[in-house]
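This briefing goes through one protein model, topic by topic, for a reader who has the sequence and the coordinates to hand. Please keep the display open while reading.

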Amino acid sequence: MKASIRIALFTNGFLALVLLFVGAICFVPYGVATSAKLSDRVYYSGNADSRYVSLMFNVYWGTEYIPSILDTLDEYEVKATFFIGGSWADDNAQVLKEIARRGHELGNHGYFHKDQSKLSETENASEIDVCGRLVKQLTGVSPALFAPPSGAYGEAAVNAAQSLGYKVILWSKDTIDWRDHDQSIIYRRATQNVKGGDLILAHPTEETAAALPSVLRYYRDNNWQQVTVSENISGIEKV
């Protein structure tokens, strides 16, 4: 085989490999972590090496107990994170504004409290985006965190949230206060075996409002620092 033919074949083969490689890159969705486990793309806890804990309140109801919760947080001079349901915010704009006025962090909890694990990516994006825009309109704050209702999520929900610039937040401790209306049980679940970086899920119930002073006192007396979720997860990178 003549040298010129061998060179041409080698060159054409190399170009084919280059084109195949470029084509493969082009068909991988930009910005989506395709090789990572789905759970690796969400936050279940914060900085494990810290003394940080974060109470997070998911809000679709319980409006009447929020003033008491806000007063207790003020009394202990701490800030919490409130994940706001859009339909709730639409009916309770003044309460939402008061949460923001007192300096607490606002997160996104979707508009209609749907099971977002069963929605398409487009449907997920609509639920998240409409809620976020409403919170921004009412308070001037653009939420950066998204907590899926009932903790239900799939790849479509995570993709949609991340495409809108949100970090997806779950929890490491659950008070289950929506089901167990017992102040002592709520206190125990919020304080037992606390670890650095814990994200502790709660709701604005009567019993949670009653337990909150004791919970915050426990954190203070045991050198745990109640901080917002954003502060707790600061420096932790997800794919």
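This is a predicted model: local features need pLDDT of at least 70, side-chain atom pairs count only at pLDDT 80 or more; totals for chains, interfaces and linings use all residues.

Of its 239 residues, 45% count as buried, and among contacts between residues at least 6 apart in sequence, 77% join residues at least 24 apart.

- The C-alpha atom of glycine 151 is separated by 9.0 Å from that of serine 117, although the two residues are 34 residues apart along the chain.
- When neighbours within four places in sequence are left aside, glycine 151 is in contact with Leu170 and Trp171.
- In helix H6, which spans residues 155-163, the buried residues are Ala157, Val158, Asn159, Ala160 and Ala161, and the buried residues of this helix pack against helix H5 (121-139), strand E4 (145-146) and strand E5 (167-168).
- Just after H6 comes glycine 165, which takes a positive phi of about 90 degrees.

**Strand E2 and its partners**

- Strand E2 (residues 81-84) is covered on both faces, with Thr81 and Phe83 buried on one side and Phe82 and Ile84 buried on the other.
- E2 pairs in the parallel sense with strand E1 (residues 52-59) over four bridges, and within this pairing threonine 81 of E2 is the bridge partner of methionine 56.
- E2 also pairs in the parallel sense with strand E3 (residues 105-108), again over four bridges, and here glycine 107 of E3 is the bridge partner of phenylalanine 83.
- Together with helix H2 (residues 66-75), E1 and E2 make a right-handed β-α-β unit.

**Largest pocket**

- The largest pocket holds about 200 Å³ of space, and of the 13 residues that line this pocket, Asn58, His113, Ser150, Trp178 and His203 are the closest to its centre.
- By class, the pocket lining consists of six nonpolar, six polar and one charged residues.

**Largest cavity**

- One cavity of 30 Å³ or more is counted, and the largest cavity has a volume of about 60 Å³.
- The residues that line the largest cavity are Leu55, Phe57, Thr175, Ile186, Ala190, Ala202, Thr208, Ala211, Leu212 and Val215, a lining that divides into eight nonpolar, two polar and no charged residues.
- E1, H7 and H8 each supply at least two residues of this lining, and H8 gives the most, with four residues.

- Most residues other than glycine have a negative phi.
- Isoleucine 176 has a positive phi, near 50 degrees, in a residue other than glycine, and it lies in the loop between strand E6 (173-174) and helix H7 (183-191).
- Asparagine 223, likewise not a glycine, has a positive phi of about 65 degrees and is found in the loop between helix H8 (206-221) and strand E8 (225-226).
- Is asparagine 223 buried or exposed? Asparagine 223 has a relative accessible area of 54%, and because exposed means over 50%, this residue counts as exposed.

Key
Residues are numbered from 1 along each chain as its sequence is written. Side-chain values use heavy atoms; hydrogens and water are left out. Buried means under 20% relative accessible area, exposed over 50%, partly exposed in between (1.4 Å probe, protein chains only). Two strands pair if DSSP finds at least two bridges between them. A crossover is right-handed if, with the strands pointing away from the viewer, the path from the first strand over the helix to the second runs clockwise. On a 1 Å grid over the protein atoms alone, a cavity is a set of points where a 1.4 Å probe fits but cannot get out, and a pocket is an open set with protein on both sides within 12 Å along at least five of seven lines; lining residues have an atom within 4 Å of a point. Grid points are joined across faces, edges and corners, and a volume is the space filled by probe spheres set on the points. Ala, Val, Leu, Ile, Met, Phe, Trp, Tyr, Cys and Pro count as nonpolar, Asp, Glu, Lys and Arg as charged, and the others, Gly among them, as polar. Contact means heavy atoms within 4.5 Å.
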